[in-house]
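Colleague: I have the model open and would like to talk through it with you. Could we begin with the charged pairs?

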Amino acid sequence: MEKKRAEDHEVEIAPPVKVDKFGFVKPDQNSPEAGLTRSKSAFEFEREERRIRKWRRMIGVGGSDWKHYVRRKPHVVKRRIRKGIPDCLRGLVWQLISGSRDLLLMNPGVYEQLVIYETSASELDIIRDISRTFPSHVFFQQRHGPGQRSLYNVLKAYSVFDRDVGYVQGMGFVAGLLLLYMSEEDAFWLLVALLKGAVHAPMEGLYLAGLPLVQQYLFQFENLVKEQLPKLGEHFAQEMINPSMYASQWFITVFAYSFPFHLAIRVWDVFLYEGVKIVFKVGLALLKCCQDNLLYNILLQQVKLPFEKLIHALRNFPDDALNPDSLLPMAYSTKVSRRLEELRQEYEKQNRKKDESIGKQGEQPP
């Protein structure tokens, strides 16, 4: 009996932390994210292996065949990227797509110089924000652990490399995402490729003072919503909802902030190959998919959602709407390229008129 009582009072050992296949701590065994870690069937495993073999043949050893394959079969490359890059090859392919591998080879020793020998005015800001970056991922959870140190090094190095941009909150999620797939130095040069525009339009305008590129993208996105989703656009106007209230982080982090990781990396696959238009496409597809929930109170069908509930819904999309296998095909079918260019020109024209008006006011005598 005494032995039984002693056993009853034994200290329970906490079970090991369970993580999903990407390294994030699983919130709940019954959650949609938990389903991502289920065991693959033999058929799924074989299909994935075939897909990896195709990709290996396409990129060659260390990426040696990549450029040749892209020139010969660009449509095949685009189709395969849209289906999703195999996770085991994602880091290498991202570097090949972005051109960051070439930047690294042309600048030996530069990253080490920036990390070890240079100082940054942003160091305290970076340290403050590091623990907020992917806090549920095992790589970044340990205070001053390897993940946080790597993230600090990359952000500090970039803030020295490009003092005009320095460090801005939001860059941590971009750098953190890259570090989950590559080394510090590789992540740094991919960050350089993105912000300086090695392949597509440079992203640095997202982080410069005043966030000029963010303002342009939000102007374009607001007009696209009005044109492609007129009922929703009208409702947003009535409730005085503008994209800066919900979509800024979509562009600043390319969905890496607050969106499910399995969706974010699929968007990043396409973003690196096709450019920022995929962010507009996914944003529009998301609003279209959730249009009824954003327009009406579910219980009172004809009652429009008021401001507070609308903002909450725009920041908390339902899990089924965030499934990349259904959301991304909808996004791919959305046409935006020509209209984006027209809206960019319109935005620049408006800004020129505004600047001229301010200039004339400044010339007037007191």
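Modeller: Glu348 and Arg344 are four residues apart in helix H21, so about one helical turn separates them. Helices here are DSSP runs of H or I with at least four residues, strands are runs of E with at least two, and both are numbered from the N terminus. Please bear in mind that this is a predicted model, in which local features need pLDDT of at least 70 and side-chain atom pairs count only at pLDDT 80 or more, while totals for chains, interfaces and linings use all residues. Residues are numbered from 1 along each chain as its sequence is written, and side-chain values use heavy atoms, with hydrogens and water left out.

Colleague: What do the side chains of Glu348 and Arg344 form?

Modeller: They meet in a salt bridge, at 2.7 Å from N to O; the term means a side-chain nitrogen of Lys or Arg within 4 Å of a carboxyl oxygen of Asp or Glu. Glu348 is partly exposed at 31% relative accessibility, and Arg344 is partly exposed at 26%. Buried means under 20% relative accessible area, exposed means over 50%, and partly exposed lies in between, using a 1.4 Å probe and protein chains only.

Colleague: How many salt bridges does that rule give?

Modeller: The count comes to 18 salt bridges. One of them joins Glu227 to Arg339, with the closest N and O atoms 2.7 Å apart. That pair links distant parts of the chain, since Glu227 sits in helix H13 (residues 212–228) and Arg339 in helix H21 (residues 337–363), 112 residues apart.

Colleague: And Asp325 with Arg266, which helices hold them?

Modeller: Their side chains form a salt bridge at 3.4 Å, N to O. Asp325 belongs to helix H20 (residues 324–332) and Arg266 to helix H16 (residues 261–274), so the pair ties together parts 59 residues apart in sequence. Asp325 counts as exposed at 57% relative accessibility, whereas Arg266 is buried at 13%. There is also a network of salt bridges linking Asp125, Arg128, Asp129 and Arg132.

Colleague: Changing topic, how many helices and strands are there?

Modeller: The protein chain has 21 helices and zero strands, and buried residues make up 46% of its 366 residues.

Colleague: How do H8 and H10 pack?

Modeller: H8 (residues 123–130) and H10 (residues 146–161) pack at an angle of about 145°, with their axes 10 Å apart. The axes are lines fitted to C-alpha atoms, for helices over the stretch in contact, and the angles run from 0 to 180 degrees between N-to-C directions. On the H8 side the contact, meaning heavy atoms within 4.5 Å, is made by Glu123, Ile126, Ile127 and Ile130, and on the H10 side by Gln148, Leu151, Tyr152, Leu155, Lys156 and Ser159.

Colleague: Is H5 enclosed or exposed, and why?

Modeller: Helix H5 (residues 90–98) is largely enclosed by the rest of the structure, because eight of its nine residues are buried. Trp94 is among those buried residues. Just after H5, Gly99 takes a positive phi of about 85°.

Colleague: What does Trp94 touch?

Modeller: Leaving aside neighbours within four places in sequence, Trp94 contacts residues including Ile85, Leu177, Tyr181, Met182, Trp268 and Leu272. Trp94 is also one of the residues with the most contacts inside the largest nonpolar core, which has 113 residues. Such a core is a set of buried Ala, Val, Leu, Ile, Met, Phe, Trp, Tyr and Cys residues joined through side-chain atoms within 4.5 Å.
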